Amino acid sequence: MSTDTSGGPSGTAPGAPGIAPTWTSSAKDLVGCGLGPSRLWFTVGHGIVNEVYYPRVDLPQIRDLGFLVADGNGFWVEVKRRADYTLTPAAPGVPAVRVVHRHPRFTLTLRICPDPRREVLLIEAVLDGDDSLRPYVLLAPHLGATGADNMASVGRQGGRAVLRAQQGPFSLALVAADPAQNEAFSRLSAGYVGFSDGWQDFAHNGRMAWSYAEAGPGNVALMGELPRAAVLALGMGGTPHAASTLALSALHEPFEQVWAEHTADWLAWHTACTSRQKATEGLPDSLRGQVLISAMTLRCHLDKTYPGAMVASLSVPWGNTRNERGGYHLAWPRDLVECALAFLALGTVEEARDTLRYLIATQQEDGHWLQNQWLGGAPYWNGIQLDETAFPVVLAAAISDSGGVDGIALGDMVRRALGFLIRRGPASDQDRWEENSGITTFTLCVCIAALVAGAEFLPLRARWLALAVADFWNARIEEWTVARDSAIGRAHGVTAHFVRLAPEDMLTDPGAMATPTPIRNRADGAAPPAAEQISADFLQLVRFGLRAADDPVIRDTLVLVDRLLRYDGPTGPAFRRYHGDGYGEHHDGAPYDGTGQGRPWPLLAGERGHYELAAGRDPLAYLQAMDAMTGPGGMIPEQIWDDAPIPALFLQPGKPAGSAMPLAWAHAEFLKLAVSRQAGRIADRPQALERRYGGKRPREARTMWTPAAPVTRLAPGANLILAFPWPVRLRWRIDDGAETAAETHANPLGLWTRMLPTRNAPEGAAVHIAWERADGGDARGEASLTVRRRPGCVQTSSGSE
């Protein structure tokens, strides 16, 4: 083996290709980026730098960059494993941080700051304490978003030592300087992870005894010995020379100067968030600080190559167990809009406007959006979630209401999106949790919001249809999604309640509530009847103004939510997604592997807070709970731990679990709740819904029939609207009456419609229809609707049918 007695690095490290690569823990202390032109993002976890992203926010390029402290005589410590550190930001809400690691023999102080103008991350490292100790930096490249096939080497450029790595079109360089800007590295090495890397060197030898010049292709790592005070520059580029040039350039600018410039940029951005400043009035100090952190976190998830695009999280859930690139490094239209609405609530309209432009650019030709995608628009998963087609329309309306459209043409986007919703709804191939098909209150609510708010951007011939569909779907929410006299309801004294997800057959068969609905993330294959599954998704009906907070079915379902889904831990209330959920760690803390145990979500505490505000109560307790559930740097996790403590896995009740942290959507939810509380109204409620419904279920003046929703009940006193995706010739009659021929008419929403005058048909009458395509297609069919009142009608705040 090569050792440090040879005078310098030499040879190729043994152990190719290294152990199977993984990402690092998803538990982030901080995420950050500069506000200048630099296309670099970073995260801090366990007190060290881990993922660094370049040149887009969906492309992580390293696993981690950490430190050992050793005396060369057998004593050595890896600081991230001790977890004894404190974090102090450069200023409130600024993504530059001072990290102090403490040990009885030393203190290692790191200051981490991105260069606003270069693709470089700067780290100042100062070791105090025992004079015999020295710091060592360890760097694990994962270039091209993978730990496989990386090349690592020790080189020189411009008379300076450089640690380099390359994979495909991506390169990195790590250089170091002492306080006088002179060379700081003394010994350097490259190796294969698990065999010849720096950590293994210390594990085998108790000191840095190996000094290899290169390693790769494979899962590689780099190490360098430092003086007790140094500044490191990690540069990213298309070639090793390009990355080295950027890193060396950054070293020749005083660290304090970069720290000050970066801090000033962020403080100016916060000052521009006018609504954010109002939102903090009257909040406790800790919550004011969390508003700043959450605003910063959202801003750090925005890309610069694709303005307005965001990933769901700068982390990989349970990342230290897998090498999957996707993780949450993808754009979901739902998460994008939830975050853009938070920007809008903060008063930062330009960020929301960029997201709208990005969404318009990535809309599919038939009007829908992909389930999720790489930032460039390429699909990752290909499911259809109707709320993800509806949300961009909701965002467009919200920006329009704020007066911030700034010349964006919205009509074509809205027309295609609403046409898709009508053709495919109200059942969705996937719910918002991406697990089951059917009819959910959350998705249905967002679709109705899009139809009503989007109608204002349509010509009259399309507007009436969008509003008619919205009114019809709204009128039938209870019929499709409420279970009555269920076993779970009887057990808790509740006569009627909203279900997690209703089978699509509820459109035609009220008995479909008994249909087994599989819980897909459970190892036991559980498939309880739809009527026995509970979630809190129905709260969106109140949040968006479709139902009043005191609606009896809303209140009764809340009883089930509080008894079955609520977790009152040491950090306050949080809620699980649904009864029987399996998405989360196993009971022993083992990571989710396709099955597990559902854990509470802080963002659902925020959703409950919005309900409390709508009910006229102060949601402060839910803001405080979300704040208390954060990690050490204020990052809000996707889930929190709700089992017995497992200190070895850093799992404590009420604190972050191993799923994504931060979750951008959770930070958006916190911000919107803070702004809503200050304003005394729900910030993201579409104004058009408030005007049209005001919390009351509308009368069903028109019944809608489509091939995707072939309903069999016609409301008394309602005309029947037929809507097809192609032109149709039809014949229709009431009971045994005379048959009438008719044709459909083209509508700008890409549908062909016909309204039949059935409003005078008596209760119990049957309307019979036969149809065939009129454009040469071979589709044909028959339908029959019976005039009858809504089954199981119950009194609600808006009256009974």
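1. Alanine 312 sits in the loop between helix H6 (285-300) and helix H7 (333-346) of this predicted model. Its relative accessibility is 4%, under the 20% cut-off, so alanine 312 counts as buried. Leaving aside neighbours within four places in sequence, alanine 312 contacts His301, Tyr328, Leu330, Trp332, Asp335, Pro662, Leu663 and Ala664. The C-alpha atoms of alanine 312 and alanine 417 are separated by 23 Å, the two residues being 105 apart along the chain.

2. Serine 313 belongs to the loop between H6 and H7. Serine 313 has a relative accessible area of 0% and is therefore buried. With residues up to four places away in sequence not counted, serine 313 touches His301, Tyr328, His329, Ala660, Met661 and Pro662. His301, Tyr328 and Pro662 are also among the contacts of alanine 312.

3. Two of the residues touched by serine 313, Met661 and Pro662, are joined by a cis peptide bond, with omega near 5 degrees. Proline 662 is placed in the loop between helix H18 (620-628) and helix H19 (664-679). Proline 662 is also in contact with alanine 312.

4. The loop between H18 and H19 also holds phenylalanine 650. Phenylalanine 650 is not a glycine, yet has a positive phi of about 60 degrees. With a relative accessible area of 46%, between the 20% and 50% cut-offs, phenylalanine 650 is partly exposed.

5. Glutamine 181 is another non-glycine residue with a positive phi, here about 65 degrees. The residue lies in the loop between strand E13 (170-177) and strand E14 (188-192). Glutamine 181 counts as partly exposed because its relative accessibility is 28%. As background for checking such sites, most residues other than glycine have a negative phi, and most peptide bonds are trans.

6. A cis peptide bond is also found between glycine 425 and proline 426, where omega is about 5 degrees. Proline 426 is in the loop between helix H10 (411-424) and helix H11 (441-455).

7. Next, the helix packing. H7 and H9 pack with their axes 8 Å apart, at an angle of about 20 degrees. That angle is under 35 degrees, so H7 and H9 are roughly parallel to each other. Their crossing is left-handed. H7 contributes Pro333, Arg334, Val337, Glu338, Ala340, Leu341 and Leu344 to the contact, and H9 contributes Asp387, Glu388, Phe391, Pro392, Leu395, Ala398 and Ile399. By class, the residues of this contact divide into ten nonpolar, no polar and four charged.

8. Helix H8 (residues 349-362) and helix H9 (residues 386-401) have axes that come within 10 Å and cross at roughly 140 degrees. This makes H8 oblique to H9. The crossing of H8 and H9 is left-handed. On the H8 side the contact involves Ala352, Arg353, Thr355, Leu356 and Leu359, which meet Pro392, Leu395, Ala396 and Ile399 of H9. The contact of H8 with H9 has seven nonpolar, one polar and one charged residues. Pro392, Leu395 and Ile399 of H9 are listed in the contact with H7 as well.

9. H9 packs against H10 too, at an angle of about 145 degrees and with the axes 10 Å apart. The crossing of H9 and H10 is left-handed. From H9, Leu386, Thr389, Ala390, Pro392, Val393 and Ala396 meet Met413, Val414, Ala417, Leu418, Phe420, Leu421 and Arg424 in H10. These residues divide into eleven nonpolar, one polar and one charged. Ala417, in this contact, is the residue whose C-alpha atom is 23 Å from that of alanine 312. Pro392 of H9 takes part in the contact with H10, in the contact with H8 and in the contact with H7.

10. Arginine 713 lies in strand E23 (residues 713-714). At 2% relative accessibility, arginine 713 counts as buried. Its side chain makes a polar contact with the side chain of glutamate 479, at 2.7 Å.

Key: Residues are numbered from 1 along each chain as its sequence is written. This is a predicted model: local features need pLDDT of at least 70, side-chain atom pairs count only at pLDDT 80 or more; totals for chains, interfaces and linings use all residues. Side-chain values use heavy atoms; hydrogens and water are left out. Axes are lines fitted to C-alpha atoms, for helices over the stretch in contact, and angles run from 0 to 180 degrees between N-to-C directions. Helices (H or I, at least four residues) and strands (E, at least two) are DSSP runs, numbered from the N terminus. Angles under 35 degrees count as roughly parallel, over 145 as roughly antiparallel, 65 to 115 as roughly perpendicular and the rest as oblique. A crossing is left-handed if the near helix is turned anticlockwise from the far one by less than a right angle, and right-handed if clockwise. Contact means heavy atoms within 4.5 Å. Ala, Val, Leu, Ile, Met, Phe, Trp, Tyr, Cys and Pro count as nonpolar, Asp, Glu, Lys and Arg as charged, and the others, Gly among them, as polar. Buried means under 20% relative accessible area, exposed over 50%, partly exposed in between (1.4 Å probe, protein chains only). A polar contact is a pair of N or O atoms within 3.5 Å; within protein, one must be able to donate a hydrogen and the other to accept it, and residues adjacent in sequence count only if both atoms are side-chain atoms.
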